[in-house]
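This report describes selected structural features of one protein chain. Please keep the sequence and the model at hand while reading.

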Amino acid sequence: MLKRLLICLLVLTSLVACGGNDGAQVPAPVEKTVDGVTLKLTSESPLSQNTDQTWVINVSQNGQPVDNADVYLDIDMPSMPMGQNKPLAKGEGNGNYRAQGIYTMSGAWSVSVFAEFAGKEYQANFDFNVPE
């Protein structure tokens, strides 16, 4: 009886320790440099469908933070256009901007980052696969 109880406790402890996120991990930050401007996209949570997502976009030019940009995302599912999903990002200083949005279903998604400043627009595209 004691052995069975210990096994049950071990299984229960393992389930609790896993946290119920199905092993989902926050994706690593991605970045691209276009004409001397680096756009870095960081997700603050695991990729998940129908869950609020928060992204931090860092904009820098020649290694220096850019704080005067208009920044937004264009979130699209290339195989099945989902309509407009273009959250605006709010500046936080030090070249960082924060935007919130949602992936409405699982599958392949494209997130385009746009930053406009000094009369020019910069764009970087990133692809993600949102699990079921």
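With which residue does Arg98 form a salt bridge? The partner is Glu44, and the closest N and O atoms of the two residues are 2.7 Å apart.

## Basis of the report

The model is predicted, and local features need pLDDT of at least 70, side-chain atom pairs count only at pLDDT 80 or more, and totals for chains, interfaces and linings use all residues. Residues are numbered from 1 along each chain as its sequence is written, and side-chain values use heavy atoms, with hydrogens and water left out.

## Salt bridges

Strands (E, at least two residues) and helices (H or I, at least four) are DSSP runs, numbered from the N terminus. Arg98 also forms a salt bridge with Glu92, with the closest N and O atoms 2.6 Å apart.

Arg98 is partly exposed, at a relative accessible area of 28%; the categories are buried (under 20% relative accessible area), exposed (over 50%) and partly exposed (in between), with a 1.4 Å probe and protein chains only. Glu44 counts as partly exposed at 44% relative accessibility, and Glu92 counts as partly exposed at 44%. A further salt bridge joins the side chains of Asp35 and Lys120 (3.1 Å, N to O). Asp35 sits in the loop between strand E1 (30-34) and strand E2 (37-43), and Lys120 in strand E9, 85 residues apart. Asp35 is exposed, with a relative accessible area of 57%, whereas Lys120 is partly exposed at 37%.

## A three-stranded sheet

Three strands form an open sheet in the order E5-E8-E9, with antiparallel pairing; two strands pair if DSSP finds at least two bridges between them. Strand E5 (70-76) and strand E9 (120-130) are the edge strands, each pairing on one side only. On average, neighbouring strands of this sheet are turned by 20° against each other, direction ignored. Such angles run from 0 to 180 degrees between N-to-C directions, with axes as lines fitted to C-alpha atoms.

Seven bridges connect E5 with strand E8 (residues 107-117) in the antiparallel sense. Asp70 has Glu116 in E8 as its bridge partner.

## Nonpolar core

The largest nonpolar core has 27 residues, a core being a set of buried Ala, Val, Leu, Ile, Met, Phe, Trp, Tyr and Cys residues joined through side-chain atoms within 4.5 Å. Leu39, Leu41, Ile57, Val59, Val71, Leu73 and Tyr103 touch the most other members. E2, E3, E5, E7, E8 and E9 each give two or more residues to this core.

Not counting residues up to four places away in sequence, the contacts of Ile57 (heavy atoms within 4.5 Å) include Leu41, Val71, Leu73, Ala89, Tyr97 and Val113.

## Ser43 in strand E2

Ser43 is found in strand E2 and counts as buried at 9% relative accessibility. A polar atom of the Ser43 side chain lies 2.8 Å from the backbone oxygen of Ser45. Beyond four places in sequence, Ser43 touches Val26, Pro27, Gln53, Thr54 and Trp55.

Terms used: A salt bridge is a side-chain nitrogen of Lys or Arg within 4 Å of a carboxyl oxygen of Asp or Glu. A polar contact is a pair of N or O atoms within 3.5 Å; within protein, one must be able to donate a hydrogen and the other to accept it, and residues adjacent in sequence count only if both atoms are side-chain atoms.
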